[in-house]
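Subject: Structure handover

Hello,

Here is the structure I promised to pass on. Please open it beside this note and follow along.

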Amino acid sequence: MSGLERSATPRLRAGVIAAVAALVIDQASKLWLLYVFDIAHRGAVQVTPFFDLVLAWNVGISFGWFQTDSQLAQTVLIAIKAVAVIVLGIWMARSSTLLATVALGLIIGGAIGNGVDRFLHGAVVDFALFHLDIGGKTFNWYVFNFADVAIVAGGVGLLYDSLLGV
């Protein structure tokens, strides 16, 4: 094994670990909320004055855009995710920095997590809702899940890496 291959191996391993961790945390949280906590029957559960657990089935893409119940559209979204994961995996394998590799791993794990939902349920399981109540008005953020957090964190990591070249 050449020196370059040896130095790339721990970095790639870190990216794979990040992907697996994101996927496991995402799927474990969703399974627990659906089948142990039974959020479907509880309705919205206030955790803090600004954070609730709610069940939202996202049949669209990020932030609920392009909502559709069409089986063909769901199949197309799964296929797009699969292609994206393959492309990101190639990028991750070729990445030259630890931060970029781990960031790509987080994005891959999150994409697979949401893809598993779409395959199993026909929609992505979202459950986290931040909100702010000001003067009798409630301002809500999008309902999201741990896969979404991993994808956003990975995107931020990639931006940081590309701008500062760590």
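Contact here means heavy atoms within 4.5 Å. With that in hand, take Leu132. Leaving aside neighbours within four places in sequence, Leu132 is in contact with Lys137, Thr138 and Phe139.

A word on the source. This is a predicted model, where local features need pLDDT of at least 70 and side-chain atom pairs count only at pLDDT 80 or more, while totals for chains, interfaces and linings use all residues. Residues are numbered from 1 along each chain as its sequence is written, and side-chain values use heavy atoms, with hydrogens and water left out.

Back to Leu132. This residue lies in strand β3. Helices (H or I, at least four residues) and strands (E, at least two) are DSSP runs, numbered from the N terminus. Leu132 is partly exposed, with a relative accessible area of 47%. The scale is this: buried is under 20% relative accessible area, exposed is over 50%, and partly exposed is in between, with a 1.4 Å probe and protein chains only. Leu132 and Phe51 are 81 residues apart in sequence, yet their C-alpha atoms are 8.6 Å apart in space.

**Aromatic rings**

A pair of aromatic rings is described by the distance of the centres and the angle of the planes. Rings of Phe, Tyr and Trp (its six-membered ring) pair if their centres lie within 6.5 Å; planes under 30 degrees apart are stacked, over 60 edge-to-face, and the rest tilted. The structure holds six aromatic pairs.

One of them joins Phe51 and Phe130. Their centres are 4.8 Å apart and their planes stand at 45 degrees, so this pair is tilted. Phe51 is in strand β2 (residues 51-58) and Phe130 in strand β3 (residues 124-134), so the pair ties together parts 79 residues apart in sequence. Phe51 counts as buried, at 17% relative accessibility. Phe130 is partly exposed, with a relative accessible area of 35%.

Phe130 also pairs with Phe144. Here the centres are 5.9 Å apart and the planes at 15 degrees, so the pair is stacked. Phe144 sits in the loop between β4 (137-140) and α5 (146-164), 14 residues from Phe130. Phe144 counts as buried, at 17% relative accessibility. Phe50, Phe51, Phe130 and Phe144 form one aromatic cluster.

The charged end of Arg42 sits over the ring of Phe37, 3.9 Å from its centre. The test asks for NZ of Lys or CZ of Arg within 6 Å of the ring centre and within 35 degrees of the ring normal.

**Salt bridges**

How many salt bridges does the structure hold? There are two. A salt bridge is a side-chain nitrogen of Lys or Arg within 4 Å of a carboxyl oxygen of Asp or Glu.

Lys30 bridges to Asp26, with the closest N and O atoms 2.8 Å apart. The two are four residues apart in helix α1 (residues 3-36), which means about one helical turn between them. Both Lys30 and Asp26 are buried.

Lys30 also bridges to Asp117, with the closest N and O atoms 2.5 Å apart. Lys30 is in helix α1 and Asp117 in helix α4 (residues 98-121), so this pair ties together parts 87 residues apart in sequence. Asp117 is buried, as is Lys30.

**Nonpolar cores**

A nonpolar core is a set of buried Ala, Val, Leu, Ile, Met, Phe, Trp, Tyr and Cys residues joined through side-chain atoms within 4.5 Å. The largest has 11 residues, including Ala19, Val85, Met92, Ala103 and Leu158. Helices α3 (71-94) and α4 are the elements that give two or more residues to this core. The largest share, six residues, comes from α4. A second, separate core of eight residues includes Phe37, Ile39, Leu53 and Ala128.

Met92 is found in helix α3 and is buried, with a relative accessible area of 7%. Not counting residues up to four places away in sequence, Met92 touches Leu12, Gly15, Val16, Thr101, Leu104, Gly105 and Ile108. The C-alpha atoms of Met92 and Val16 are separated by 8.9 Å, with the residues 76 apart along the chain. Ala103, with the same exclusion, touches Gly154, Gly157 and Leu158.

Best regards
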